[in-house]
Amino acid sequence: MTGTEHTEADRSRFVCNLIAAGGLIICGAVLLVFGIAGDAIGVSVVSLIAPVILLCVGLALLVTSLLRRNTVTLYVSVLLLMCSAASFCANLIPGVSYATIWPMYVVAPAVASFFTMLMSGAIRFHVRIICVFAVPSVFFSLFAAGIWSVGILIPVLIIYVGLLALFAALAVKGEPEE
């Protein structure tokens, strides 16, 4: 191999670096536009810094994870995109606040595991993670919406955790854990 030949991994890394650089430039440009014209359209750049950065980094990681078939990067990208969506909702939708949408952060690992499961094929492993996070996020959503009180939420969570422990004990059956 001569010094001018590049492997497929080198090309892939180069493309991913270009995507990341492009994402940073776009992120800065979007924030600059809102910094200049934000007051005229009623949007504060300060309220957009976190969601725009999370969105740009999440999209850059998503594209690179798909190009390189990297499940860890895919998982992190979906987490960032979920956090970006929650932040956009809390900052841009009137009447919506973090106090009502915080269950989105609880369900984020379940959503990330779902997409990672599609790429990795490790269905059994990811279904467990999805159950651990998605079910409680429904409970927390009912609480955040004012449908459930703490007097309902806490006992239901304790029962659910007990059921998870029972499931884990039955799945292991005295054998070493995976």
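The model is a predicted one, and its secondary structure comes to seven helices and zero strands. Read from the N terminus on, the elements therefore follow the order α-α-α-α-α-α-α.

**Overall form**

- The C-alpha atoms of the protein, taken along the principal axes, fill a box of roughly 60 × 55 × 20 Å.
- The protein is more spread out than a compact globule, because its radius of gyration is 21 Å, well over the 16 Å that the globule rule gives for 178 residues.

**Burial and contacts**

- Of the 178 residues of the protein, 27% count as buried.

**The pairing of helices α2 and α3**

- Two packed helices are described by the angle between their axes and the distance between the axes.
- Helix α2 covers residues 45-68 and helix α3 covers residues 71-92, and the axes of these two helices come within 8 Å and cross at roughly 155 degrees.
- Because angles over 145 degrees count as roughly antiparallel, this crossing makes α2 roughly antiparallel to α3.
- The crossing in which α2 passes α3 is left-handed, and the contact of α2 with α3 has, by class, 17 nonpolar, nine polar and no charged residues.

Terms used. Residues are numbered from 1 along each chain as its sequence is written. This is a predicted model: local features need pLDDT of at least 70, side-chain atom pairs count only at pLDDT 80 or more; totals for chains, interfaces and linings use all residues. Side-chain values use heavy atoms; hydrogens and water are left out. Axes are lines fitted to C-alpha atoms, for helices over the stretch in contact, and angles run from 0 to 180 degrees between N-to-C directions. Helices (H or I, at least four residues) and strands (E, at least two) are DSSP runs, numbered from the N terminus. Angles under 35 degrees count as roughly parallel, over 145 as roughly antiparallel, 65 to 115 as roughly perpendicular and the rest as oblique. A crossing is left-handed if the near helix is turned anticlockwise from the far one by less than a right angle, and right-handed if clockwise. Ala, Val, Leu, Ile, Met, Phe, Trp, Tyr, Cys and Pro count as nonpolar, Asp, Glu, Lys and Arg as charged, and the others, Gly among them, as polar. The radius of gyration is taken over C-alpha atoms; the globule rule is 2.2 Å times the number of residues to the power 0.38. Buried means under 20% relative accessible area, exposed over 50%, partly exposed in between (1.4 Å probe, protein chains only).
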